[in-house]
Amino acid sequence: MKEQRSQKNSNFRLVQEELSDQELIRLEKWKKLQEKGLEVFPHRAEVSHSVFEVVRDFSALTKEQLEEKKYQVKVPGRIMTVRKMGKATFFHIADFRSRLQVYLRADVVGPEIYEMFDLLDIGDVVLVEGQLFRTRTGELTVLAEKYTFLAKSFHPLPEKWHGLQDVELRYRKRYLDLMMNPDSGQTFRIRSQIVAKIRQFFDSRGFIEVETPMMQVIPGGALARPFKTFHNALGIDLYLRIAPELYLKRLVVGGMEKVYEINRNFRNEGVDSQHNPEFTMLEFYQAYIDYHQLMDLTEELFVYLVKEIHGQEEIPYGEEVISFRRPWKRLKFIEAVKQLSGLAPARFDNPDELIKFAGTLTPDKKPQTYAKALDVIFDKLVKDKIVQPTFIINPPKEISPLAKSDRDNPSEAARFELIIAGMEVANAFSELTDPFEQRERFEEQAAMRQIGDEESHLVDLDYVEALEYGLPPTGGEGVGIDRLTMIMANRKSIREVILFPLLKPR
């Protein structure tokens, strides 16, 4: 059996048909490891610590403390550097968080095992067993008593200062990015912390985490173009969800007064530094509160997150410092547009001219109404100028088909958008609970679709029927996890915070 398995493995074929000299050498080394009887695709490894755990748990100990306690470790890692000096070799192993030095000596492991190390390459994965000590320079090191081969890297790793400056390579082959760039690993640890802390925040306040459908007969909950698919067994068209909103509010109708979902959404739209067709949001709904109380709750949430993750209320973002100290500024939508757009005040008195001007900002998708024109101007000329956390409140009702009208001005929505560092990070409103007005607004949206607005809502009569059973006063909000991670991790592109962003095939 062993001979058959060896023969089978010798008929190798890598994805790359044309191999470099280095790749050919690595293949030859791998075959020699097989010839020596090593299990080249082992099933398991007995591990005591990760590289990160060794660095975390033992870095503070002195040379004397390490010598006294004689700490033994079995630690796996990828070989990142090798420095051979005759009968002794120093090399570093790494996981995606930390690096650890290993000291390999022929008189400790034996001459034959020591020489076998020549068959390993930078990028290979090994398990090192031995005692921790400090070198003369004070570096925490494992004196290897044994090493075990775990995996072969048949391709050389990218050159640190050249290969990984190729941004597209980092996104297409995230595994290489994580190997070579500790900062990338830190970004995704922050993302993981954000999600975990969000759950802690809402669970401690009596919210219930739920899951809602990703495939929907009628997409709703946002103004966006959906992805369309087809269900063979049922013989119906389905849409990937653009938001979970309408299902979450159905749950509030059913008596679940505090619900949240950390959800994946899909929107068939453009790709840029702030947009990816597949993205993650937090959506939460609470009965008996309005959008003013949601602003207070949002401040609490964000301050909690930034303190838990960074230990302070101010964090760097690019060349700016973002302060999350409360209270945050609250600015009416129309005032923000007039103050920050750079347009002369008189231009806002001529709706037709403003619609025409807004069309020059989005020539592929020209707004048809005054409210949509204001929204375009806000998006293109205003949003980037808002750096510190700011609630933009009371946009036009027309662009908020699921929000209540504001008490003081029925043409405005009881809604806010939270802008930080020029990005919309959260969107919230006092939910529309009147089923008759909701149906009327859906029908207005359907009319907009008839004249070419593909982002307008379809009429969801099932949701309207749910409202007819009685939705109590409710505040609802969506928070973009990707953009929040960009801010918390000091990243300028959404692709930096999504492990596998959508890319055009080569």
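In this predicted model, the side chain of Thr 141 reaches the backbone oxygen of Glu 139 at 2.9 Å. A polar contact also links the side chain of Thr 141 with that of Gln 101, at 2.9 Å. Thr 141 belongs to strand 5, which spans residues 140-151, and is buried, with a relative accessible area of 0%. Beyond neighbours within four places in sequence, the contacts of Thr 141 comprise Gln 101, Val 102 and Tyr 103, together with Gln 131, Leu 132, Phe 133 and Thr 135.

Tyr 103 is also among the residues touched by Ala 88. Ala 88 lies in strand 2 (residues 88-94) and counts as buried because its relative accessible area, 11%, is under 20%. With residues up to four places away in sequence left out, Ala 88 touches Arg 83, Tyr 103, Leu 104, Arg 105 and Tyr 114. The C-alpha atoms of Ala 88 and Val 108, residues 20 apart in sequence, are separated by 9.7 Å.

The largest nonpolar core contains 47 residues, and those with the most contacts inside it are Ile 198, Phe 202, Leu 282, Phe 284, Phe 302, Phe 324 and Phe 416. Helix 11 (residues 291-310) gives the most to this core, contributing 10 residues. Another core, of 34 residues, lies apart from it and includes Leu 27, Tyr 114, Phe 117 and Val 142. Within the largest core, Leu 282 touches Ile 198 and Phe 202, as well as Leu 301. Further contacts of Leu 282 include Tyr 260, Glu 261, Ile 262 and Asn 263, and also Glu 477, Gly 478, Val 479 and Ile 481.

Methods
Residues are numbered from 1 along each chain as its sequence is written. This is a predicted model: local features need pLDDT of at least 70, side-chain atom pairs count only at pLDDT 80 or more; totals for chains, interfaces and linings use all residues. Side-chain values use heavy atoms; hydrogens and water are left out. Helices (H or I, at least four residues) and strands (E, at least two) are DSSP runs, numbered from the N terminus. Buried means under 20% relative accessible area, exposed over 50%, partly exposed in between (1.4 Å probe, protein chains only). Contact means heavy atoms within 4.5 Å. A nonpolar core is a set of buried Ala, Val, Leu, Ile, Met, Phe, Trp, Tyr and Cys residues joined through side-chain atoms within 4.5 Å. A polar contact is a pair of N or O atoms within 3.5 Å; within protein, one must be able to donate a hydrogen and the other to accept it, and residues adjacent in sequence count only if both atoms are side-chain atoms.
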